[in-house]
Amino acid sequence: MICEVCVDSVAGVRAAKAAGADRVELCSNLLEGGTTPSSGMIRQARTIAGIALNVMIRPRAGDVLFGDDEFAIMEADIDAAKAESADGVVIGLLTADGAVDAKRTRDLIVRARPMSVTFHRAFDMTPDPFEALETLVGLGVERVLTSGQEATVLEGLPLIAELVRRAGRRIIVMPGGGITARNADRIVAGAKPREIHFAALEPTASGMQFRRHHVFMGGELRPPEYDRLATSAISVRSVMAKVSE
């Protein structure tokens, strides 16, 4: 069982490695589903040996119907990830009717090689998951991340199990979305995946002693300024212990 941990910091990469995870998906803005991290973050993360590094390629939050400028940004971000020696990239593009954008996905795959390519949970927004799966197989994507087109993996478990069965050895179907130490064993037993994807975040207080509570760095809809979620090595170990039982 390969365990991939979704992280949003270099400290998260260190925590995942300390816990024995196989790979991280490095993102920014996890509150918005993950966007592309900076080149500086990728470079610093790459200095940590002994853990594989996949990089999210998503130019903004929201839907995955991208315009020409956004697609050009994705191309440039793939080039940057390759230049920083990332092991893989994570992409997801749909057409307006919800189908996998095969042409643009193919273009990005070609650009990414020899890095591996994961298709992210854009897959969960497609109207026909089996058709989407076959499209991704035909494109040569290594893996697809999915919650089974439900809010959480546990709810989407029946579909995930069927996707794993249909995929066989052609593509890796990687469950992700709401996996915790409380449900990881049920998910593995129910779907029998080869890989799983999860975040292991715990509240972490800011080290700031002086605080100006009426001033904020963001807009009106915002997380607490002095509290954040950080990847916890203990939480990673807890999930991994469940899937190895």
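## The Glu-195 and Arg-23 pair

In this predicted model, Glu-195 and Arg-23 form a salt bridge whose closest N and O atoms are 2.7 Å apart. Glu-195 belongs to strand 8 (residues 195–198) and Arg-23 to strand 2 (residues 23–26), so the contact ties together parts of the chain that are 172 residues apart in sequence. Both partners, Glu-195 and Arg-23, are buried.

The pair also belongs to a network of salt bridges that links Glu-4, Arg-23, Arg-143 and Glu-195. In total, the structure holds 16 salt bridges. Side chains of opposite charge can pair when their charged atoms come close.

## The Glu-84 and Arg-43 pair

Glu-84 and Arg-43 meet through their side chains in a salt bridge, with an N to O distance of 2.7 Å. This pair links distant parts of the chain, 41 residues apart: Glu-84 sits in the loop between helix 3 (68–83) and strand 4 (88–91), while Arg-43 is in helix 2 (residues 39–46).

The two partners fall into separate accessibility classes. Glu-84 has a relative accessible area of 13% and is therefore buried, the limit for that class being under 20%. Arg-43, at 51% relative accessibility, counts as exposed, because that class begins over 50%.

## The Arg-121 and Asp-124 pair

A further salt bridge joins the side chains of Arg-121 and Asp-124, at 2.9 Å from N to O. Arg-121 has a relative accessible area of 31%, which makes this residue partly exposed. Asp-124, for its part, is buried at 11% relative accessibility.

## Cysteines

The structure holds zero disulfides. Cys-3 takes part in none, and the nearest cysteine sulfur to Cys-3, that of Cys-6, lies 14 Å away. Cys-3 is buried, with a relative accessible area of 2%.

Cys-27 is likewise in no disulfide; here too the nearest cysteine sulfur is that of Cys-6, at 4.0 Å. With a relative accessibility of 1%, Cys-27 counts as buried.

Technical notes: Residues numbered from 1 in each chain as written. Predicted model: local features only at pLDDT ≥ 70, side-chain atom pairs only at ≥ 80, totals over all residues. Heavy atoms only, no water. Salt bridge = Lys/Arg side-chain N within 4 Å of Asp/Glu carboxyl O. Helix = DSSP H or I, 4+ residues; strand = E, 2+ residues; numbered from the N terminus. Buried < 20%, exposed > 50% of the residue type's maximum accessible area, 1.4 Å probe, protein only. Disulfide = S-S within 2.5 Å.
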